[in-house]
Amino acid sequence: MIITAICIGIAIRIAFIIRATGSGIDDYYWQQVAKGFRQSRRLPVKLPGKYLMEDDRQFYPPLYGLLLSFLPSRLWRWGGLTALLLELGTLGILIGWVGASGLGDEISLTIVISGYLLAPVLVAYNSQLNSRLLGQLFLVMWVLALHPETIGINDMVGIGIASLAFAMILLSHKMTLQLAVILIIPLCITGEHLNPALTVVAGITLAIFAGGPKFLIG
């Protein structure tokens, strides 16, 4: 049942990816950013003359474009499939967590897989290159790492993973960062501790070391 759900979900995703081939605005932008990283290897990436009335310097979170720059250019033409690989990574984390927590049987895992792969918004939107997928992966890691007791991980290890994940959110996607900020207080209340806030401070510090204070402020 689990394998069937995965196959059906992937088949539907691929059908949408094929249909969206050649119509990706995000695809174009991230290809330009990846080319910029290849040429300069520095922040901010500059895209001179690409957009009217916009600064040539790109201060959007850089991690996604940096990772794309290491991939062969031919893979950029199939941005939707690259996006699908990230989604399968997120799904793998969810399946692993449900399985390790001992809370998931075959039916539960099938529901998780189907709910994720067949969510209409994700199916329709994630058919091209976009950094939201990377932010989404790290958001899931951050939230799950704040509950290490569910899978028997040491609290300090969980805080370390969550801090790194929050830093990666900062470097990946602005709207995912906004969602994470909104979740801080509810997570502190439901967890009855300040660990979520501590990981935010640690994550910001790590992100500053990675991207530099001038870039993050910009």
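Residues count as buried under 20% relative accessible area, as exposed over 50%, and as partly exposed in between, with a 1.4 Å probe and protein chains only. The structure is a predicted model, in which local features need pLDDT of at least 70, side-chain atom pairs count only at pLDDT 80 or more, and totals for chains, interfaces and linings use all residues. Residues are numbered from 1 along each chain as its sequence is written, and side-chain values use heavy atoms, with hydrogens and water left out.

Arg13 is buried, because its relative accessible area is 2%. Glu87 is buried too, with a relative accessible area of 0%. The two side chains form a salt bridge, at 2.1 Å from N to O. A salt bridge here is a side-chain nitrogen of Lys or Arg within 4 Å of a carboxyl oxygen of Asp or Glu. By this rule the count is 1 salt bridge. The pair links distant parts of the chain, with Glu87 in helix 5 (residues 79-101) and Arg13 in helix 1, 74 residues apart. Helices are DSSP runs (H or I, at least four residues), numbered from the N terminus.

Helix 1 (residues 2-19) also holds Ile8. Ile8 counts as partly exposed, because its relative accessibility is 46%. Ile8 belongs to a nonpolar surface patch with Ile12, Phe16 and Leu118. Together these residues have about 310 Å² of accessible area. Patch members have over 30% relative accessible area and no salt bridge; nonpolar side chains (Val, Leu, Ile, Met, Phe, Trp, Tyr) are joined within 5 Å, and like charges within 9 Å. Accessible areas come from the Shrake-Rupley method with a 1.4 Å probe, and for residues only the protein chains shown count as cover.

Helix packing was examined next. Helix 8 (residues 132-145) packs against helix 10 (residues 174-191) at an angle of about 15°, with the axes 10 Å apart. Helix 8 is therefore roughly parallel to helix 10. The crossing of these two helices is right-handed. Helix 8 and helix 9 have axes that come within 8 Å and cross at roughly 155°. Helix 8 and helix 9 are therefore roughly antiparallel. Their crossing is left-handed. Axes are lines fitted to C-alpha atoms, for helices over the stretch in contact, and angles run from 0 to 180 degrees between N-to-C directions. Angles under 35 degrees count as roughly parallel, and over 145 as roughly antiparallel. A crossing is left-handed if the near helix is turned anticlockwise from the far one by less than a right angle, and right-handed if clockwise.

Helix 9 (residues 155-170) contains Asp155. Asp155 counts as partly exposed, at 46% relative accessibility. Asp155 and Ala145 are 10 residues apart in sequence and 8.9 Å apart in space, C-alpha to C-alpha. Phe166 also lies in helix 9. Phe166 is buried, with a relative accessible area of 1%.

Arg38 lies in helix 2 (residues 25-40). At 34% relative accessibility, Arg38 counts as partly exposed. Arg38 and Leu66 are 28 residues apart along the chain, with their C-alpha atoms separated by 8.3 Å. Phe70 sits in the loop between helix 3 (63-69) and helix 4 (73-76). Phe70 counts as exposed, because its relative accessibility is 56%. The C-alpha atoms of Phe70 and Phe37 are separated by 9.1 Å, across 33 residues along the chain.

Key:
Parallel < 35°, antiparallel > 145°, perpendicular 65-115°, else oblique.
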